[in-house]
Amino acid sequence: MGRDKAFVEVQGVPLVARAAAAMAAAGAATVRIVGGDQDRLAYLDLRSIPDRYPGEGPLGGVITALEALDPGGCLDHIAVEAVVTLPCDVIHPEVAAVRRVIECLAAARAGHAAQPGRGAERMPDPDMAVPLASGVPQWMHAAWRRRSLPVLSAAFTRGIRAPKDAARLLRVAEVEIDGEGWFADADRPEDLPATTLGADRTGEAAVEIADIPEIDIDELERRRAAGAAVFDVREPDEYEEFRIPGAVLVPLATVPEAVEKFRAAAEGQAVCVVCAVGGRSGQAVAFLRERGVDAVNVAGGTNAWHLSGRPVDTGPAPA
C-alpha cells in the first residue's frame, strides 16, 4: 500500500476504525487493537495492546489477544469466552458477518451439550469458529475460544506462523457466509473503492479524505446555546466520570440502533456528536451521514471541553 494500511481512510474513516466499529456494533464486550501505532490509535479513541510477537505474522496477534486475558478469562473485569478477530485492512466489515461467526460457535457448543454423553457419540465441542466464503476459510475473521491458547502457543513455539496451520490442531466449526464484501481487504491502492481513489501529480492512486463536517468546542458552545442536540458516543463509565451538560449517551456500538433518534433530533439543526477526543464520534458521524442524518463531529471532544474549564456533569445519566 505504501503506507500504514490501518490508517488509510474510506469514506473519511480509517480502516482500523471501521473494523473496530463493526466489532463493537456486533456486540463485542470490549475491543482492542493488537500492535500498530499506539499514539495514532489513541488519537482515534481506539484502545490497543502491544503485539508480543511483532513481525511474526497474524497468529502472533491472535495469541497476543488471548494472552491479554487474565487467568480467569477476563479483560477489564469483563468475562471473555472467545476472541473474535478482524484484519485491520478489511474494507467493508459487516456487523452481520461477525455475529454469524459468534452464533456459529454458540450453536456448535449448544449442539455438543445437547447430545447424550453415554452410549452415544457426542458432537465435537469446537475450539473456534471460522467463516467460509465460497467454501474458503477466512481465518482472520474467526472466533477463537480462550481454551485454544495453549495449543496455539505450542504451535507458535514450534515455528508455525499461519493461522490456518495452527487451526488444524483445533476442533473447528464452520459457517458459510454469502457475499464477498465482508472479507475483502486492501493490499494495494487499486483494491480500495473507486470513490476513495484519486490521482496525484505523479499519476499514482492516492486516498482522498472524505468530508466529515467538524466543529471545535467554541462552535459547539454556540450551537448548544441555539438548541442543537449533543450526543455522546463514549462508554457509560466514561460518560459518568464527566460529560458535557445535556449530552445524551448513545454508546458507539448502539448508534446503528438509534439512527431514527439522531434523525429526529436533527430536524431543526445538525446534531453534534462527541466522544473523548473525536475518533469514535467521527466514526458515528460518517455512519449517520451515510444514512442522511445531518450530523457534525466535535474535534477535541469531551476532553477538550473539560480542559477548557467549561462546566461538566458527572454521575449516572438522568432518568
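## Second largest pocket

Helix H1 gives the most to the lining of the second largest pocket, with 5 residues; helices here are DSSP runs of H or I of at least four residues and strands are runs of E of at least two, numbered from the N terminus. This is a predicted model, in which local features need pLDDT of at least 70 and side-chain atom pairs count only at pLDDT 80 or more, while totals for chains, interfaces and linings use all residues. Residues are numbered from 1 along each chain as its sequence is written, and side-chain values use heavy atoms, with hydrogens and water left out.

The second largest pocket has a volume of about 600 Å³. Of the 29 residues that line the second largest pocket, Thr30, Val31, Arg47, Glu235 and Arg280 are the closest to its centre. Two or more lining residues come from each of H1, helix H8 (236-241) and H10. By class, this lining divides into 17 nonpolar, 4 polar and 8 charged residues. Here Ala, Val, Leu, Ile, Met, Phe, Trp, Tyr, Cys and Pro count as nonpolar, Asp, Glu, Lys and Arg as charged, and the others, Gly among them, as polar.

A pocket is an open set of points on a 1 Å grid over the protein atoms alone, with protein on both sides within 12 Å along at least five of seven lines; a cavity is a set where a 1.4 Å probe fits but cannot get out, and lining residues have an atom within 4 Å of a point. Points are joined across faces, edges and corners, and a volume is the space filled by probe spheres set on them.

The largest pocket has a volume of about 1,100 Å³. Among its 49 lining residues, Arg32, Val34, Val84, Thr85 and Leu86 are the closest to the centre. Its lining comprises 33 nonpolar, 8 polar and 8 charged residues.

The search of the whole structure finds 1 cavity of 30 Å³ or more, and the largest cavity has a volume of about 40 Å³. Val84, Leu86, Ala97, Val98, Val101, Pro131, His141 and Trp182 line this cavity, with H4 giving the most, 3 residues.

## Helix H10

In H10, 9 of the 12 residues are buried, so the helix is largely enclosed by the rest of the structure. Buried means under 20% relative accessible area, exposed over 50% and partly exposed in between (1.4 Å probe, protein chains only). The buried residues of H10 include Arg280, Gln283 and Leu288.

## Nonpolar cores

The largest nonpolar core has 23 residues, and Leu59, Ile63, Leu66, Met128, Val130, Trp144 and Leu152 have the most contacts inside it. Such a core is a set of buried Ala, Val, Leu, Ile, Met, Phe, Trp, Tyr and Cys residues joined through side-chain atoms within 4.5 Å. Helix H3 (58-67), strand S8 (128-133), helix H5 (149-157) and helix H6 (163-167) each supply at least two residues of this core.

A second, separate core of 19 residues includes Met23, Val84, Leu86 and Ala108.

## Positive phi angles

Asp45, although not a glycine, has a positive phi of about 65°; Asp45 is buried, with a relative accessible area of 14%. Ser134, also not a glycine, has a positive phi of about 50°, but Ser134 is exposed at 72%.
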